[in-house]
Amino acid sequence: MLKNLTSLLTLLVICTITAVSQDLKEKKYYEAVRIENAPSVDGNLDDEAWLSNHWEGGLVQHEPYEGRSPSQPTEFKICFDDVNLYVAVKAFDSSPDSITNRMSRRDNGDGDMVFILLDSYHDLRTGFVFGVSSAGVRFDMIMSNDGQNEDPTWDPIWQAKSKVHEWGWAAEMKIPFTQLRFQKNSDEVWGMILARQIFRHAEMSFWPEIPRDAPGVVHMAGELGGLEGVEPRKQFDIMPYGVAAYETYEPEEGNPFRTGSDPRFKAGLDAKIGVTNNLTLDLTIFPDFGQVEADPSQVNLTAFETYFEEKRPFFIEGSSITSFNVGLGDGEVGNDNLFYSRRIGRRPHGYPSLESGEYADIPTFTNILGAAKLTGKTKNGLSIGFLESVTAEVRARVDSAGQRSTDVIEPLTNYSLARVQKDFNKGNTILGGAVTSTIRMLDDTGMEYLHKNATTGGIDFTQYFKDRNYMISTSIYMSHVEGSTDAISRTQRSSARYFQRPDADHLEYDDTRTSLTGHGGKLQAGKIGGKWNFLLMSNWKSPGLEINDMGYQREADRLLNVLWTGYNFTEPFSIFRSLRLNNDVYIVNDFGGTLQGIGYEWNVNANFKNFWNGGTGGGFGFLNLQSTMLRGGPAMRMPNSWRYRMYINTDSRKKVSFNAGTFINGMAEGVSLNANYNMGITIRPINTLRISLSPGFSVRNDQFQYVSRRNMNDEDRYIFAEIDQKVLNMSLRINYNITPDLTIQYWGQPFIATGKYSNFKMITDPVADEMEDRYSLYQGNQIELSDGYYMIDEDTDSNFDYGFSNPDFNFDEWLSNLVVRWEFMPGSTAYLVWSQTRSYSSQIGEFAIADNLENLFTEQKANNVFLVKISYRFGLR
């Protein structure tokens with residue numbers, strides 16, 4: 001490993017030294033004009049600033065026909081004063097009655113729009129995007145890594161108005177310099193892109209021209225000059241908030257903590273402070289995220305943790321800066337990251353030990369006492385992201401015949417992160433690093449099974465070549481966790497690694513350890529520009545790697561190598577507006593050198609000339625050896641696998657649009673067959689209302705669903721069964737946008753899941769040549785169900801040897817969320833929220849929609865939360 005690491009570092013040094021400097025074409029240039037009298041932002045374009053000076057045109061079509069003139073001309077003008085940058089756009093249209101004016105919530109770009117991207121750092125990698133629709137809806141985001149990462153959660157304080165005229169429509173923007181980051185006494189030349197979207201033609205045009213097969217966006221920007229003398233202004237916004245909530249639920253007789261209703265009041269503070277010209281400090285004290293939509297319902301029958309997306313505004317804004325991704329691609333292997341913000345404020349680890357007749361009040365999440373985030377980029381190209389957060393000790397209140405006590409179920413915890421990246425050679429060379437730290441105060445908590453300290457750290461490097469059409473990128477990282485012997489033993493036995501596996505000679509389980517260290521890395525190299533692309537990718541994670549205290553990691557002890565190639569048809573032909581072909585081959589090993597599988601995947605994705613889009617894809621897996629299937633037992637050989645998917649979406653510009661898709665996968669020899677079907681309809685009866693309904697149904701039949709592990713005569717028994725699982729869900733969304741700043745959103749989801757187990761079996765020889773020799777079915781005289789418990793008489797001596805609970809299940813849930821949001825002043829917002837939850841569970845295992853819904857809505861009273869939240873912005877500068 002050391003030899004390979006040395007070779008890799010040598011290669012990176014050579015690449016840096018021999019990198020070809022970017023041969024840039026002469027960039028288009030626009031000079032902004034200083035003004036004395038600020039224009040009114042109203043969309044009329046009748047102010048003095050817009051009546052004089054030159055209007056710039058020359059936009060070039062990007063899509064669908066690259067390089068052609070747009071179907072409608074566009075002109076723009078930019079001016080500024082000491083405080084703001086002003087942008088005016090004339091979007092000419094020969095058919096003004098065909099302009100698509102769709103009212104939507106901020107950042108949901110819909111209809112005709114114009115955008116401006118400002119690379120105020122002029123680092124050729126970072127762009128601040130401001131856009132507005134013809135209906136006056138604002139859109140803003142930050143582009144980083146040359147446009148490969150987009151962060152639409154960024155919500156700066158700025159103004160924009162639009163108005164439809166007889167010649168087309170006009171847009172005006174007022175962008176305070178406090179919302180941009182740039183260096184004092186710089187050359188005052190910024191990167192700039194002006195874009196227009198004509199919705200009815202699905203047409204996008206840019207100033208300057210940007211090829212569709214360009215390997216990035218920001219480095220292709222034109223230049224904005226004339227800004228000499230502009231002084232950067234530091235932002236200083238304080239936003240106190242108050243929350244009043246009232247919760248109602250089914251009272252529980254005898255439980256003093258479940259009386260049927262609970263009021264709640266809370267106050268806190270958010271702040272955004274410009275520390276320097278380029279660095280911004282975000283603060284939150286006693287944050288509340290009651291307006292955030294709940295996670296969708298799921299049933300997880302695997303040994304691995306479910307990955308949930310972050311939805312809390314403080315943590316998603318600027319997430320691209322604090323991210324240190326260590327996965328490959330997307331899906332299960334793409335989520336791994338040194339920082340997974342859902343760890344902060346998570347559900348408590350512990351649960352109180354209750355005796356008969358005792359009741360407990362158990363918080364469902366950990367209170368965040370405060371968090372701070374420092375982000376920005378210096379004039380020398382150093383990107384900085386620091387995050388610090390402290391979560392409170394959580395105690396469950398216990399009542400025993402009127403006597404009250406408390407049990408600690410989550411310790412006081414400190415989370416820290418530092419992320420830096422440095423640009424060299426006009427952004428063609430990037431070197432970075434990240435460190436995370438989790439420290440728990442475990443003394444006198446009784447929670448010594450948790451890690452006391454957890455540290456991760458890594459470095460990453462990217463080098464672009466030949467106008468950024470080629471790249472090589474790598475990252476190397478490590479982890480170190482400390483704790484009691486119980487904590488480290490649990491880590492060794494966890495589903496990520498299973499050190500106790502009896503057939504893993506390269507692993508050593510040691511129950512006396514008080515620390516564990518691991519490492520990982522990934523390497524990507526290939527061609528990312530042009531129509532034909534390829535990447536060679538490698539990802540490794542040592543058995544001892546553990547980043548789950550502050551990050552997310554599904555598995556360790558894994559080496560994955562992938563060769564991917566794709567071809568992109570960017571010009572319309574035949575029935576296609578564009579067409580993308582992809583395929584890859586992969587091979588997986590563990591750190592002992594054991595082959596765990598090889599496979600092939602392909603997909604085709606198309607946009608059609610009738611504005612529909614669709615795709616299909618699939619794959620095959622061979623030589624499947626699953627080291628985690630027996631959850632700590634030996635690896636098990638499984639048959640070859642296959643998968644297939646298909647989807648189709650109709651024209652989303654229409655008032656009524658549809659989508660449908662299916663994903664089917666299975667294994668040979670009839671071992672498993674899983675099918676997932678989904679469809680959806682979206683209706684826009686008026687331009688201010690959007691209704692979408694998305695039902696889904698999945699069926700899963702698997703002969704080898706893990707049930708339990710038991711012991712007989714000092715030998716483990718790995719018990720599996722056939723499962724017949726069905727899941728029905730439906731998502732209803734209603735968005736009513738009264739104005740761009742006053743919106744009503746509703747989301748509701750019924751969820752029905754059932755699982756029926758049969759044909760129970762134990763694994764006897766997991767790697768036998770024939771599938772039927774790998775297990776033994778329990779016969780009728782060996783298994784008996786009594787009072788929800790299966791008893792096993794394996795040796796048929798009329799004495800039960802072991803048993804397990806009946807795993808059949810019904811799980812039904814209803815989630816809904818109604819949010820009225822009003823931004824009554826720039827940066828000041830009021831929320832009115834109604835959330836409702838219903839749930840029902842049993843061991844019936846039967847799928848009957850009518851019965852499931854009846855149980856869900858009649859068995860007990862719903863849990864309702866009514867909430868009012870108001871935050872007010874004090875802009876001190």
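Q: Which residues does phenylalanine 130 touch?
A: Leaving aside residues up to four places away in sequence, Phe130 touches Val114, Phe115, Ile116, Leu118, Phe139, Trp154, Pro156, Trp158, Met173, Ile175 and Leu180; contact means heavy atoms within 4.5 Å. This is a predicted model, where local features need pLDDT of at least 70, side-chain atom pairs count only at pLDDT 80 or more, and totals for chains, interfaces and linings use all residues. Residues are numbered from 1 along each chain as its sequence is written, and side-chain values use heavy atoms, without hydrogens and water.

Q: Which residues touch the most other members of the largest nonpolar core?
A: They are Ile78, Ile116, Leu118, Phe130 and Met173, in a core of 36 residues. Such a core is a set of buried Ala, Val, Leu, Ile, Met, Phe, Trp, Tyr and Cys residues joined through side-chain atoms within 4.5 Å; buried means under 20% relative accessible area (1.4 Å probe, protein chains only).

Q: And which elements give two or more residues to this core?
A: Among them are strands S5 (84-92) and S11 (168-176); strands are DSSP E runs of at least two residues, numbered from the N terminus.

Q: Why is S11 largely enclosed?
A: Eight of its nine residues are buried, so the rest of the structure largely encloses S11.

Q: How many bridges join S5 to S11?
A: Nine, and the two strands run antiparallel; pairing requires at least two DSSP bridges. Leucine 85 stands opposite isoleucine 175 in S11.

Q: What do S10 and S11 form?
A: They form a hairpin with two residues between them, and seven bridges pair them in the antiparallel sense.

Notes:
Buried < 20%, exposed > 50% of the residue type's maximum accessible area, 1.4 Å probe, protein only. Helix = DSSP H or I, 4+ residues; strand = E, 2+ residues; numbered from the N terminus.
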